[in-house]
Amino acid sequence: MHDRGSSVLAGFAAALVILAGCGAGAESSSSDSGEVVITCATCQQSPTDPFLQYNYEAAQRFNERYAGTYRVETLENPNAGSSDDRLQYYQRLAMADDLPDLFQLNSGEIRALQETGRLHDFAPDLAADEEWAGTFHDHVFDALRGPDGQIWAIPQQRDAIGIFYNAELLERAGYDAFPPTWDEFEQLAARLRADGVTALALDGDWATMLMWVHLIGTGGGEDFLIDGITSADGWADDPAVVAATERLRSWHVDGYVNADAFSGEFQNAAAAYLSEQAATIANGPWFVKTNLTGDAASPGLYEKTGFAPAPGWSAGERGVIVVSGAGWVSGATDERALTAVREFVRFVSSQDEVLAQAAATGASPPVAVDPDAMAAAELEPLATGLAEEAAEVTHRYPHVRVHGPAGFGVAWRNLWPAYVDGSMPAAEFLDRLAADARAQAGG
Amino acid sequence: MSAARPRISRRAAPLAYGFLTVVTLLALTPTAWVMVSSLKTGTQVFTGAGVLPDPVTLQGYVDAFTQIELHHYVLNTLLYATLGSAGAIAAAFLAAYPLARYAFRGRSTLVAGFSLALAIPVVGLATPEFFIMRELGLFDSRAGMVIFYAALQFPFTFVVLRSYLLSTPRELEEAAAMDGAGYFTTMVRVVLPLTRPALATVAVVSFVQIWNEFFFANLFLVSQEHQNVQLALAGFRSQFGFNVTGAIAGATIVMLVPIIVFVALQRQVIAGLTAGAVK
Amino acid sequence: MGAAPIPRGARRAVAVSLLPGAALFATFFLVPLGVLLVTAFSRWGGLELAWTGLENYRRMLSDPVFFAALGNTLFYAAAAVAVQVPLGVAAGMVLALRPRGWEAFRTVIFVPFVISGAAYALVFSMFYNARAGLLNNALAALGLPGDRDWLFDTTTARWAVAGTFVFVVGFVMVLVMAEIAAIPDEVYEAAQIDGASSWRQAVHITLPLLRTVIGTVILIRLLVDIGMFDVVFILTAGGPDNATATLALYAYRAYLNGEWGYANAVGSTILVVGMVLIVAVRRLFRVGEGR
């Protein structure tokens with residue numbers, strides 16, 4: 001009984017149980033040297049995602065500047081990019097009482113996560129530093145506020161989203177410029193279809209919602225996109241919403257969109273555009289870096305791509321989506337960690353950093369930047385072109401995916417294909433969309 | 001094979017081959033097509049032009065390691081699959097031996113309990129498992145995953161090892177006892193070597209099952225540095241930073257690992273599945 | 001079986017050696033079952049717990065999405081029983097007749113069984129793709145309409161999901177082959193003296209003897225299908241309009257919403273449905289009653 005066999009076998013199983021004790025909670029918020037260490041869940045190196053890559057580099061610069069005082073430590077996080085799983089990921093961490101000190105979220109996700117009561121409120125920090133608060137563009141905090149004036153995030157960018165188009169394909173169909181009204185866009189779509197070209201690339205998710213928002217925003221539904229959407233009720237009573245919904249559906253029925261327009265994978269929409277099977281696709285300026293200049297794009301596609309505001313329902317009524325609904329949030333509670341978090345968000349909203357971010361990602365700065373410095377930074381023309389044009393267009397509105405209820409994306413993905421294939425009328429679709437979006441946000 | 005066995009007749013053979021070919025095509029076509037597509041360029045994948053790669057490129061495989069960093073997930077998964085299987089086998093062997101050999105109070109209850117666990121659709125227990133992992137501090141940790149997988153594979157491993165032990169003669173053990181060998185000595189020196197075929201079998205099967213596990217990995221692992229290959233596969237789709245050829249090549253590698261294990265150790269896998277089913 | 005009593009002096013050793021397994025079993029099977037049973041009748045988000053009686057079950061029975069998920073789950077189980085099992089049994093029986101090259105066929109037909117659900121999701125998202133997928137391209141090449149979005153059309157979605165697993169017949173096939181190999185030679189000898197063809201022998205001798213193993217594979221399939229999650233979660237997230245959602249996915253959504261008590265009520269339903277099906281199949285095929 002006292003032989004070594006017992007330790008080999010029983011010992012192995014016991015070792016497993018002991019291992020368990022060591023595996024948990026390997027987290028520290030300050031090191032021996034007095035340096036304050038904070039965790040960041042969206043600062044990992046990424047060869048494919050320029051946003052993450054920028055965050056990573058910014059964190060390195062921050063660490064260098066504040067060496068010995070503050071240090072940002074990267075948490076490797078598979079859900080750092082934009083995906084449906086991202087909110088679920090942080091909700092799970094919140095349930096496990098383990099939110100990172102720093103991470104990025106959009107406003108819909110922030111609204112869902114504020115329920116956990118575990119987000120830091122930046123309002124007092126901004127109030128205490130008026131000079132810093134004054135550098136931000138107007139309205140950039142609108143989508144990031146809580147019910148009692150809290151500010152849950154420091155905005156990360158302020159982007160104009162429009163429509164990318166393949167100028168060569170449009171020219172072949174007889175158009176020198178992107179059509180200024182939806183009627184003309186449909187005429188263009190019919191011409192393209194006759195040539196065997198898909199007019200518009202959609203994915204059943206992000207890109208499809210962008211077009212839905214464009215149709216609503218340019219059709220008298222700006223108020224809905226700013227206010228109505230958040231209440232998640234009575235959507236079917238708004239004529240602008242119903243008209244936009246039905247029009248977007250008709251493009252599917254009429255064969256103006258790619259056949260795989262429901263997968264919920266943006267990459268399927270991108271594939272249609274990048275392989276020049278589709279002539280247009282809606283997205284933000286980051287599309288250039290993430291897709292257009294990648295190796296899956298047809299050779300020369302970048303040179304023939306233009307970027308335009310959405311058409312209007314009548315002439316002269318163009319619109320763009322302005323996204324400033326994403327930003328840096330913090331789950332830190334410890335005062336020492338919070339000091340470091342405050343310093344970090346101040347750091348990334350400095351002029352040098354916002355320009356570095358713009359150069360790296362194509363995202364436009366959330367703070368006012370000196371025009372000379374802007375010009376000297378030589379930013380991506382496709383991105384800055386629309387940002388400049390955005391100042392002139394009639395309609396500006398937020399994106400529903402960013403500003404709508406947090407459950408919106410999931411609800412949309414589930415219901416939209418069924419509505420398009422004729423399983424339900426528009427009113428039922430909109431009612432159920434609102435109800436599901438509300439329910440899935442944990443309400 | 002005995003002469004008494006019915007064999008395929010010459011007349012029926014073409015029919016049999018036709019049928020088998022259809023079954024093979026139904027089972028294999030989509031997977032084979034995707035594997036072949038791992039040698040295509042991104043442009044060719046996106047256009048869907050042509051079944052065969054034209055031109056052939058290994059760029060996807062390069063990207064799978066340089067951009068997606070597949071090796072990192074592979075290492076995690078190897079850790080879970082080897083240590084998880086080892087843990088399950090150690091615990092199951094230790095339990096299966098006394099429960100196969102000795103009569104004592106509570107024996108049938110334990111056997112029934114351990115075996116019935118095999119018949120539980122465990123996904124129904126998702127939330128309680130999450131709760132327990134969290135309370136034990138095992139949430140999002142490698143050690144936690146190893147322990148959990150050991151537990152998940154325990155019932156299957158136990159059932160197979162015990163039924164194997166029941167069918168092995170015990171003369172050698174009795175002889176060892178005569179020589180004064182203790183319980184653990186007998187177990188390790190005498191029984192363990194005898195059980196080797198069954199151990200190989202359960203090792204292979206549980207390795208493959210842990211390699212392929214998605215549900216609980218998705219539930220318990222949030223940090224990228226802890227994730228397994230199946231989570232990596234599912235995460236290949238997102239709006240930013242998608243590399244389609246890298247994803248397909250990565251998926252091909254993830255699929256090939258259990259396939260190679262199976263083809264190399266076919267006999268063990270089939271014996272294991274058969275033994276687990278006929279309990 | 002004739003198990004001996006524990007030798008004197010080894011009682012403690014036996015207890016020690018039972019410990020690791022018992023600990024794993026208790027921690028990850030017994031305790032979770034207990035937690036499930038209590039919280040299924042409560043409102044619970046991981047912290048405070050409020051007893052609500054049958055409220056969770058009442059809510060479940062009034063939610064059409066629950067019934068959609070239940071219906072789909074049973075549909076997938078039925079698809080496995082109706083397609084996968086007969087196909088696998090037939091393949092196993094044919095291979096048991098040992099046509100030349102049977103081992104190669106056994107290998108290639110079995111291979112898809114060791115591929116994971118997550119990998120299958122990626123494979124089939126490409127295969128079914130409406131613009132560049134192999135299925136639609138092949139249909140188009142045959143002059144048929146080749147642009148159906150199989151997974152996202154409410155009329156075809158469930159079938160497309162079933163298509164990802166019903167042709168994976170390797171497991172059934174292998175079990176059947178093992179069972180046939182275990183049939184004693186004498187059973188066939190008499191028939192051969194009578195000059196019965198191998199076809200007649202297969203149908204009249206082999207098939208009836210496969211009753212138990214067929215019951216077993218159905219049982220195992222049902223256990224797997226009742227908890228179906230991976231492929232649906234990754235491919236369609238349950239859409240369109242919940243046409244592909246399963247019970248496991250439905251429970252998972254409740255869990256994500258922090259409605260753990262409700263998730264567990266659904267979880268208990270998965271266990272109960274699983275149990276009912278198992279008992280039914282065992283009765284029907286007399287599994288576990290010896291041969």
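Helices here are DSSP runs of H or I with at least four residues, strands are runs of E with at least two, and both are numbered from the N terminus. Okay, hold on to that while we look at the model.

It's a predicted one, so a word on ground rules: local features need pLDDT of at least 70, side-chain atom pairs count only at pLDDT 80 or more, and totals for chains, interfaces and linings use all residues. Residues are numbered from 1 along each chain as written, chains are lettered from A and ligands numbered from 1 in written order, and side-chain values use heavy atoms, leaving out hydrogens and water.

Let's start with chain B. An unreviewed UniProt entry lists "transmembrane region" for residues 12–36, 78–97, 109–126, 146–165, 198–220 and 240–265 of chain B; positions are in the numbering used here, feature names are shortened, and annotations may be inferred rather than shown by experiment. What do two of those spans look like in the model? Residues 109–126 of chain B are 50% helix and 0% strand, with end C-alpha atoms 25 Å apart. Residues 146–165 of chain B are 100% helix and 0% strand, and there the end C-alpha atoms are 26 Å apart.

Now, chain B against chain C. How many residues does each chain put into the contact? It's 100 from chain B and 101 from chain C, where contact means heavy atoms within 4.5 Å. Together the two chains bury about 8,600 Å², 76% of it on carbon and sulfur atoms; that's the accessible area (1.4 Å probe) the two parts lose on being put together, summed over both. In chain B, Arg5(B), Pro6(B) and Trp33(B) lose the most area to chain C, together 8% of what that side buries. Helix H1 (residues 13–37) of chain B gives the most to that side, with 16 residues.

Strand E1 (residues 102–103) of chain B pairs in the parallel sense with strand E1 (residues 4–5) of chain C, over two bridges, and Tyr102(B) has Ala4(C) as its bridge partner.

Last stop, chain A: an open sheet of three strands, in the order E3-E10-E4, with antiparallel pairing. Strands E3 (103–106) and E4 (154–155) of chain A are at the edges with a single partner strand each, so one side of each has no neighbour in the sheet. In the pairing of E4(A) with E10 (residues 326–329) of chain A, there are two bridges, and Pro155(A) stands opposite Gly327(A).

Technical notes
Two strands pair if DSSP finds at least two bridges between them.
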